[in-house]
Amino acid sequence: MKLYDWKLAPNPRRVKMFLAEKHIPVELEEVGEPGTFNLKKDFVARFDPYALTPTLELDDGNCLGEAMAICRYLEELHPEPRLMGKDALGKATVEMWERRAYEGAMFAISELLRNTSPGFVDRGLPGTAETIGQVPELVERGKGRLARFSRSADKQLAKNRFLAGSAFSVADITAYCALEFLSRAMKMTIPSELPNLARWFAEVGERESAKSTAP
Ligand SMILES: N[C@@H](CCC(=O)N[C@@H](CS)C(=O)NCC(=O)O)C(=O)O
């Protein structure tokens, strides 16, 4: 099993944290082109239009894309510790918060970065060598989306230790990887009026899985 990785990027880190929480060893292959915001040409040619990290290549040659699909596969094979919920309600709650974290934080941050950064000119969407222009109007929309998610997460974390309740889950992993990337790469920190989100962010950052996967 081999994980195609892009060390600096937040989405492959979701799977690396998930693997670390479960103590599953994996071979990593870096497909980021050093010193650029591009992936290596041979990787893009092979997987276009889904040339995305993370991609997991299994020993039989099957390849899985999408962090959550990869996590689902790993959770089935290595159920403990459970990171995707235990019973029907728990699983649905994790999925609900993971989806909110992906759309409200990870995807929102992607809108901010890809539509402003000179490194992403003509690469408004990831995964393909096709020319896709930047749309500056999406930046404000992305900021609003991120603010709404952050406020709702702060409210949820006022009553719960983690996003989906008392147990750490893949929802925390997605939200953490997005917000950590925001502070590291885009120098945007959690606003002081969201103390519960800040408390949670510090706690997740202390986990071994966060430390061992830090770029
Ligand atoms: N929906 C995908 C998103 C994956 C994604 O966007 N990965 C980024 C890195 S954070 C990537 O590989 N981008 C390739 C590119 O910029 O062309 C997932 O959840 O795994």
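Tutor: Let's start with the labels. Helices (H or I, at least four residues) and strands (E, at least two) are runs taken from DSSP, numbered from the N terminus. Keep in mind as well that this is a predicted model.

Student: Okay, then in which loop is the place of Pro49?

Tutor: Pro49 sits in the loop that runs between helix H2 (41-47) and strand E3 (55-57). Pro54 belongs to the loop between H2 and E3 too.

Student: How do I read the peptide bonds there? Which residue does a cis peptide bond join to Pro49?

Tutor: The general idea comes before the case: most peptide bonds are trans. Here, Asp48 and Pro49 are joined by a cis bond, with omega at about 10°. The bond from Thr53 to Pro54 is cis as well, and its omega is near 5°.

Student: And what about phi? What is the phi of His23?

Tutor: In general, most residues other than glycine have a negative phi. His23 isn't a glycine, yet its phi is positive, about 55°. You'll find His23 in the loop between H1 and strand E2 (27-30). Glu66 is another residue other than glycine with a positive phi, near 75° in this case. Look for Glu66 in the loop between strand E4 (63-65) and H3.

Student: Is His23 buried or exposed?

Tutor: A residue counts as exposed over 50% relative accessible area, and as buried under 20%. His23 has a relative accessible area of 70%, so His23 is exposed. Glu66 is at 49%, so Glu66 counts as partly exposed.

Student: Let's move to the ligand. How many residues surround the ligand, and which are the closest?

Tutor: There are 17 residues around the ligand, and the closest are Arg14, Thr53, Glu66, Ala67 and Tyr102.

Student: Which side chains have an N or O atom by a nitrogen atom of the ligand?

Tutor: Glu66 is one of them, with a side-chain N or O atom 2.7 Å from a ligand nitrogen. Tyr102 is another, where the distance between a side-chain N or O atom and a ligand nitrogen is 2.9 Å. On the oxygen side, Arg123 has a polar side-chain atom 3.1 Å from an oxygen atom of the ligand. As for cover, the ligand on its own has 520 Å² of accessible area, and the protein covers 89% of that.

Student: Which elements give two or more residues to the shell around the ligand?

Tutor: Those are helix H1 (10-22) and helix H4 (88-114). H1 provides the largest share, three residues. By type, the shell splits into ten nonpolar, three polar and four charged residues.

Student: How do I read a core? Which residues touch the most other members of the largest nonpolar core?

Tutor: The general idea is that nonpolar side chains tend to be buried together in soluble globular proteins. In this model the largest nonpolar core has 48 residues, and the ones touching the most other members are Val15, Met17, Phe18, Leu163 and Trp200. At least two residues come from each of H1, helix H3 (67-77), H4, helix H5 (137-159), helix H6 (170-185) and helix H7 (195-205). H6 gives the most, ten residues. There's also a second, separate core of nine residues, including Tyr4, Trp6, Ala9 and Val44.

Student: Now some single residues. Is Leu197 buried or exposed?

Tutor: Leu197 has 2% relative accessibility, so Leu197 counts as buried. Leu197 lies in helix H7. Setting aside residues up to four places away in sequence, Leu197 touches Ser150, Ala153, Asp154, Leu157, Leu179 and Ile190.

Student: Where does Ser150 lie, and what does Ser150 touch?

Tutor: Ser150 lies in helix H5, and beyond residues up to four places away, Ser150 touches Leu194 and Leu197. Ser150 is at 8% relative accessibility, so Ser150 counts as buried. A polar atom of the Ser150 side chain is 2.8 Å from the backbone oxygen of Leu146.

Student: And Glu98, is that residue buried or exposed?

Tutor: Glu98 has a relative accessible area of 4%, so Glu98 is buried. Glu98 is in helix H4. Apart from neighbours within four places in sequence, Glu98 contacts Arg14, Met68, Val170, Ala171 and Thr174. Arg14 is also among the closest residues to the ligand.

Note on methods
Residues are numbered from 1 along each chain as its sequence is written. This is a predicted model: local features need pLDDT of at least 70, side-chain atom pairs count only at pLDDT 80 or more; totals for chains, interfaces and linings use all residues. Side-chain values use heavy atoms; hydrogens and water are left out. A residue is near a molecule or strand if one of its heavy atoms lies within 4 Å of it. A polar contact is a pair of N or O atoms within 3.5 Å; within protein, one must be able to donate a hydrogen and the other to accept it, and residues adjacent in sequence count only if both atoms are side-chain atoms. Accessible areas come from the Shrake-Rupley method with a 1.4 Å probe; for residues, only the protein chains shown count as cover. Ala, Val, Leu, Ile, Met, Phe, Trp, Tyr, Cys and Pro count as nonpolar, Asp, Glu, Lys and Arg as charged, and the others, Gly among them, as polar. A nonpolar core is a set of buried Ala, Val, Leu, Ile, Met, Phe, Trp, Tyr and Cys residues joined through side-chain atoms within 4.5 Å. Buried means under 20% relative accessible area, exposed over 50%, partly exposed in between (1.4 Å probe, protein chains only). Contact means heavy atoms within 4.5 Å.
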